[in-house]
Amino acid sequence: MSAYVPVLIMLVLAVATAGGMIYATTVIGPKKQFPDKMEPFECGESPIVSPKLRFNVKFYLIGLFFVIFDIEAVFVYPWAVLFKDLGLFGFIEMMVFIVILAIGLLYVWRRGALEWE
Amino acid sequence: MLTWIAGFIVLVVKLVAILFFLLMAAAYLVWVERKFLARLQLRYGPNRAGKFGLLQPLADVVKMLTKEDVVPDGADRVIFRLAPAVVAGTAFLMFAVVPLGRDLTLFGRSVPLVVTDLNVGLLFAFAMSSLGVYGIALGGWASNSKYALLGSIRGAAQMISYELSLGLSIVPIVMLAGSFSMVDIVNAQKGLPFIFVQPLAFVIFVISAMAETKRIPFDLPEAENELNAGYHTEYSGMRFGLFFLGEYVTMMVFGGLVAVLFLGGWRGPWLPPFVWLVIKILLVAVFMIWVRGTLPRVRWDQLMTIGWKALLPLALLNVIVTGALGLIMSP
């Protein structure tokens, strides 16, 4: 775990740097607030409808596919590290796994979930 | 106890030096980008502040620090304020695993020129890159602005899509090096940099890295002629500066990752190791800037097609071919 101590210190330093900059800007910067200025930017128009819009459901699908295929990558990583030790047996096992997921990708593709028109 | 304190001080000094280097490098990368892009477009670029505009990054920092920090009405104040720090912080942390050179000997103790040599270094870098998505998604969400929301949704979808090909493209590298530690990967390239062994992985990685850093031709999350500034439309002052800084630090980090994974890291003849690494990072960065000056922005459907239908299957195929060849060639 001692390898993570520098990461922790780096985190503290990074947060301190970012925080220091933001603190500096709040201290140095001017504070002139009036209602029109505080409106969300919409090219000079006053916003009428709420900005919490509906958006295309495909974005959710992309999120789901990401979870599936990223977990695939997570399973591939340990095999990649031990690739030389596992030899042919590990290779065939991993090929079965990758082919199953490739079929999944093909299915998603053929069903048109990756099409944006 | 005394040696422990000395070690701790050396560590902190080293980290501060690396952070300072990273900040300066990111600031001057902006200068390089503006100057180089200007010359590509037959302009002069910044040339007022100092010789060749070399003080421009400093002037920019002063300008951003003296601007008002505005939180728009209806914004989620806490998340809105935290998001830029997430983007910048994760970018800094990513650099922690990039080895900068050979071990240094200072006052009789050996100081490794890397923040930390994690045995899962590469995974750590990708994890931090993934956490950076939160900064963009939440920053745009919390802004209470339509442009920012659209930009952040696009940004999140784009970054997670290209993370797949990014993550899978490095699997052959890990297979060759047999380790996730960046130091081991550099050591594995003693004879031949991996770019010659794995050219396809290199191409996939660089394209995905450009999409992860949201640069032209993949800058849809902040496409200025559609979304003004995308997810950071509502940010001003130094909070905007942190988004900006995070973007350029990420560019430096991906330059460092490309250098370490494919170009042999700090290895090179004649020059000191650290100089080699900086040259290689700059090469990657200048390539990204050149691409920005050359290519138009892709459409959203093209972006998704490239990521899901081209890069992802190619990366999978590369894993299979590398595995098969590795088995055939090993005795």
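Chain B has 13 helices and two strands. Keep in mind that this is a predicted model. The radius of gyration of chain B is 20 Å. The globule rule gives 20 Å for 331 residues, so chain B is as compact as a globular protein of that length. Along the principal axes, the C-alpha atoms of chain B fill a box of roughly 65 × 55 × 45 Å.

How much of chain B is buried? Of its 331 residues, 56% are. Now the contacts in chain B with a separation of 6 or more. Residues 24 or more positions apart account for 76% of them.

Next, the interface. How many residues of chain B are in contact with chain A? The count is 64, and they meet 54 residues of chain A. Several helices of chain B each supply at least two residues of that side: H1 (2–40), H3 (77–94), H5 (146–169), H6 (171–177), H11 (237–262) and H13 (300–329). Which one gives the largest share? That is H13(B), with twelve residues. By class, the side of chain B that touches chain A has 35 nonpolar residues, 18 polar and eleven charged.

A word on confidence for the partner. Chain A has a mean pLDDT of 82. In chain A, 99% of the residues reach 70 or more. Among the elements of chain A, helix H4 of chain A, residues 83–110, has the highest mean, 86. The lowest belongs to helix H2 of chain A, residues 35–38, at 77.

Take helix H9 of chain B, residues 199–212, and H11(B). Their axes come within 11 Å and cross at roughly 170°. Angles over 145 degrees count as roughly antiparallel, and therefore H9(B) and H11(B) are roughly antiparallel to each other. Which residues meet there? From H9(B), we have B:Phe202, B:Phe205, B:Val206, B:Ala209 and B:Glu212. From H11(B), we have B:Phe254, B:Val258, B:Leu261 and B:Phe262. By class, this contact has eight nonpolar residues, no polar ones and one charged. Remember that H11(B) is also on the list of helices that supply the side touching chain A.

Now some loop residues. B:Phe52 is not a glycine, yet has a positive phi of about 55°. B:Phe52 is in the loop between H1 and helix H2 (56–65) of chain B. Buried or partly exposed? B:Phe52 has 13 C-beta neighbours inside 10 Å, so B:Phe52 counts as partly exposed.

B:Asn144 also has a positive phi, about 60°, and is not a glycine either. Look for B:Asn144 in the loop between helix H4 (121–142) and H5 of chain B. With 21 C-beta neighbours inside 10 Å, B:Asn144 counts as buried.

Last one: B:Arg215. Where is B:Arg215? In the loop between H9 and helix H10 (224–227) of chain B. Why does B:Arg215 count as buried? Because B:Arg215 has 20 C-beta neighbours inside 10 Å, and the cut-off for buried is 20 or more. Leaving out residues up to four places away in sequence, B:Arg215 touches B:Met210, B:Met288 and B:Arg292. For scale, B:Arg215 and B:Val86 are 129 residues apart along the chain. Their C-alpha atoms are separated by 19 Å.

That's my tour. Over to you.

Notes. Residues numbered from 1 in each chain as written. Chains lettered and ligands numbered in written order. Predicted model: local features only at pLDDT ≥ 70, side-chain atom pairs only at ≥ 80, totals over all residues. Contact = placed C-beta atoms within 7 Å. Helix = DSSP H or I, 4+ residues; strand = E, 2+ residues; numbered from the N terminus. Nonpolar A, V, L, I, M, F, W, Y, C, P; charged D, E, K, R; others polar. Rg over C-alpha atoms; globule rule 2.2 N^0.38 Å. Buried ≥ 20, exposed ≤ 12 C-beta atoms within 10 Å, placed from the backbone. pLDDT = per-residue confidence, 0-100. Axes fitted to C-alpha atoms, helices over the stretch in contact; angles between N-to-C directions. Parallel < 35°, antiparallel > 145°, perpendicular 65-115°, else oblique.
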